[in-house]
Amino acid sequence: MMLEFKENQMASDWFEITPCQSRIFRISEPALGPLHGSHSWLVVGEQRALLIDTGVGVAPLAPIVRSLTDRPVICLISHSHYDHIGGAHEFADRLMHEAEADIMANPSPELTFWGGWLLAESFSRLPSPDYDFSRYHITPAPPTAFVKDRDDIDLGGRTLTLLHTPGHSPGLLSIFEAETRTLFSTDALYDGEMFFNLRCSNAADGQKSLTRLLATGAETVHPGHYQSLDSASFHRVCEEQLRRLEAQG
Ligand SMILES: [Zn+2]
Ligand SMILES: [Zn+2]
């Protein structure tokens, strides 16, 4: 009991929950900057809930998710970078594109990109007073099922469609709810410094994916980093990134 209380307290101190439209919650880690932490998104349906990404894994995420929904939770891992996968092991059902599945089984600092990037100085405060960053690691959490482009996820009363949007990473998934024209763009698009030059990146694929995201006609975009976008800023950011990639040839 005490342990559970301590975990809940730790989790609620660390994460910031922002309710958005139509049973969507943003779960963030504000003590990390916008590029050291990421946003996770919880989308609640009548029968199930979808958790898109799981943060860096320095505080328990499952108690936060349980406080927001009593529905069974499916965890969708957008890609294998540390800032999206840290809490994945806390969830029994884990969906992912197969292109990055091996990394989830062996999440090394190099392949998950935290080595040399996430530092003790990246934290403006610690997840708990006795937290020791020198012990940071990612707990292996291989996907329990693979998903692919155009797969639908039925949550009961609402359906989300997966879009395979490689570029930043080979298995990167974005998620679109056609009925509300809401796009969860993860690391395929956000209004900040984007990375198409990592070991695992492919800039030409990134261009195609951005073009494809634009074609969704999304009116609300909830990204993996920085602020959510309305239709006009979505178009602006997509076009800026496309111009940048074209200039880089
Ligand atoms: Zn990433
Ligand atoms: Zn990220």
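Predicted model: local features only at pLDDT ≥ 70, side-chain atom pairs only at ≥ 80, totals over all residues.
**Stop 1: the cysteines**

Select Cys 20 and show its side chain. Cys 20 is partly exposed, with a relative accessible area of 26%. Cys 75 is buried, at 0% relative accessibility.

A disulfide needs the two sulfur atoms to be within 2.5 Å. Seen from the other end, the nearest cysteine sulfur to Cys 75 is that of Cys 20, and Cys 75 takes part in no disulfide. Searching the whole structure gives zero disulfides.

**Stop 2**

Leave the cysteines and turn to the charged side chains. How many salt bridges does the count come to? The count is nine. This tour visits some of them.

Select Glu 16 and Arg 26. Their side chains meet in a salt bridge, with 3.7 Å from N to O. Colour the strands to see where the partners sit: Glu 16 belongs to strand E1 (residues 16-20), and Arg 26 belongs to strand E2 (residues 24-28). The two residues are ten apart, and the pair links distant parts of the chain.

Is Arg 26 buried or exposed? Arg 26 counts as buried, at 13% relative accessibility. That value puts Arg 26 in the buried class because the class takes in residues under 20%.

**Stop 3: Asp 70 and Arg 71**

Select Asp 70 and Arg 71. They form a salt bridge, and the closest N and O atoms are 2.7 Å apart. With the surface still on, look at each residue in turn. Asp 70 is exposed, with a relative accessibility of 67%. Arg 71 is partly exposed, at 31%.

**Stop 4: a network**

Select Asp 149 and Arg 150. The salt bridge here has its closest N and O atoms 3.8 Å apart. The cut-off for a salt bridge is 4 Å, so this pair counts. Asp 149 is partly exposed, at 26% relative accessibility, while Arg 150 is exposed, at 62%.

Which residues are linked in a network of salt bridges? The network joins Asp 149, Arg 150 and Arg 212.

Key: Residues numbered from 1 in each chain as written. Chains lettered and ligands numbered in written order. Heavy atoms only, no water. Buried < 20%, exposed > 50% of the residue type's maximum accessible area, 1.4 Å probe, protein only. Helix = DSSP H or I, 4+ residues; strand = E, 2+ residues; numbered from the N terminus.
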